[in-house]
Amino acid sequence: SSAKNMYSYAKDYDYASAVYYGLKKVIIAEGIEEIPSNYFAESAVETVVLPTTIKHLNTAAFKNCKSLKSINLPEGLLIINDQAFMGCNSLEITKLPSTLTKIGDSAFRNCSGLRGDIVIGNSVESIGSKAFSSCVNLASVKLGSSVTSIGDNAFESCRNMTSITIPSSVSGIGSGAFSYCY
């Protein structure tokens, strides 16, 4: 692929392994278009600044970054892939970019730091299975007008969710999509 990713940026081990040696804040350079799978997974990073050029957060890019509290999701971001933020229980996000087209399976699973209301924009077509499962502090979700499917268990165990707005464009709701939401 011609997309510039963190592998081509890092060249060797220097940038990537710095995360494992106590780096708390990461600023990704302009021009980078994707974060590779598992790139920051399990690290102690607390703050990430993504460039305006970012397009893809690949599978498990930030999985189980338990200290990750702050990350900007800029307009232009298209895909948050499977498990990208799974287990990031300190993560606080209230706004997803309007350019987002895909929220993968378990993308925000077990992100108990997600609080209040979240709006999923009009470019997203599908919500992956378990995408927001166990986001126990989500209060409400508003789905954009392009969403056609909600995956299995997508919002299961969102115990504090009191409302969700589902547009008429939705033609499929997976099994257990809202189970244990009470």
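1. A salt bridge here is a side-chain nitrogen of Lys or Arg within 4 Å of a carboxyl oxygen of Asp or Glu. Lys95 and Glu75 form such a bridge through their side chains, with an N to O distance of 3.6 Å. Lys95 lies in the loop between S6 and S7 and Glu75 in the loop between S5 and S6, so the bridge ties together parts that are 20 residues apart in sequence. Strands are DSSP runs (E, at least two residues), numbered from the N terminus.

2. On provenance: this is a predicted model, in which local features need pLDDT of at least 70 and side-chain atom pairs count only at pLDDT 80 or more, while totals for chains, interfaces and linings use all residues. Residues are numbered from 1 along each chain as its sequence is written, and side-chain values use heavy atoms, with hydrogens and water left out.

3. On the exposure of the first pair: buried means under 20% relative accessible area, exposed over 50%, and partly exposed in between (1.4 Å probe, protein chains only). Lys95 is exposed, at 56%, and Glu75 is partly exposed, at 40%.

4. The structure holds three salt bridges. Another joins the side chains of Lys69 and Glu92, at 3.8 Å from N to O. This pair links distant parts of the chain, 23 residues apart: Lys69 is in the loop between strand S4 (56-57) and strand S5 (70-71), and Glu92 is in the loop between strand S6 (79-80) and strand S7 (102-103). Lys69 is partly exposed, with 45% relative accessibility, and Glu92 is partly exposed, with 44%.

5. Lys130 and Glu156 also meet in a salt bridge, at 3.9 Å from N to O. Lys130 sits in the loop between strand S9 (126-127) and strand S10 (138-143), and Glu156 in the loop between strand S11 (149-150) and strand S12 (163-165), so the pair ties together parts 26 residues apart in sequence. Lys130 is partly exposed, at 26%, whereas Glu156 is buried, at 13%.

6. A nonpolar core is a set of buried Ala, Val, Leu, Ile, Met, Phe, Trp, Tyr and Cys residues joined through side-chain atoms within 4.5 Å. The largest one has 49 residues, of which Phe62, Ile80, Phe85, Ile103, Phe108, Ile127 and Phe132 touch the most other members. Strand S8 (116-120) and S10 are the elements that give two or more residues to this core, and S10 gives the largest share, three residues.

7. Contact means heavy atoms within 4.5 Å. Not counting residues up to four places away in sequence, Ile80 touches residues including Leu57, Leu73, Phe85, Leu96, Ile103 and Phe108.

Terms used: Helices (H or I, at least four residues) and strands (E, at least two) are DSSP runs, numbered from the N terminus.
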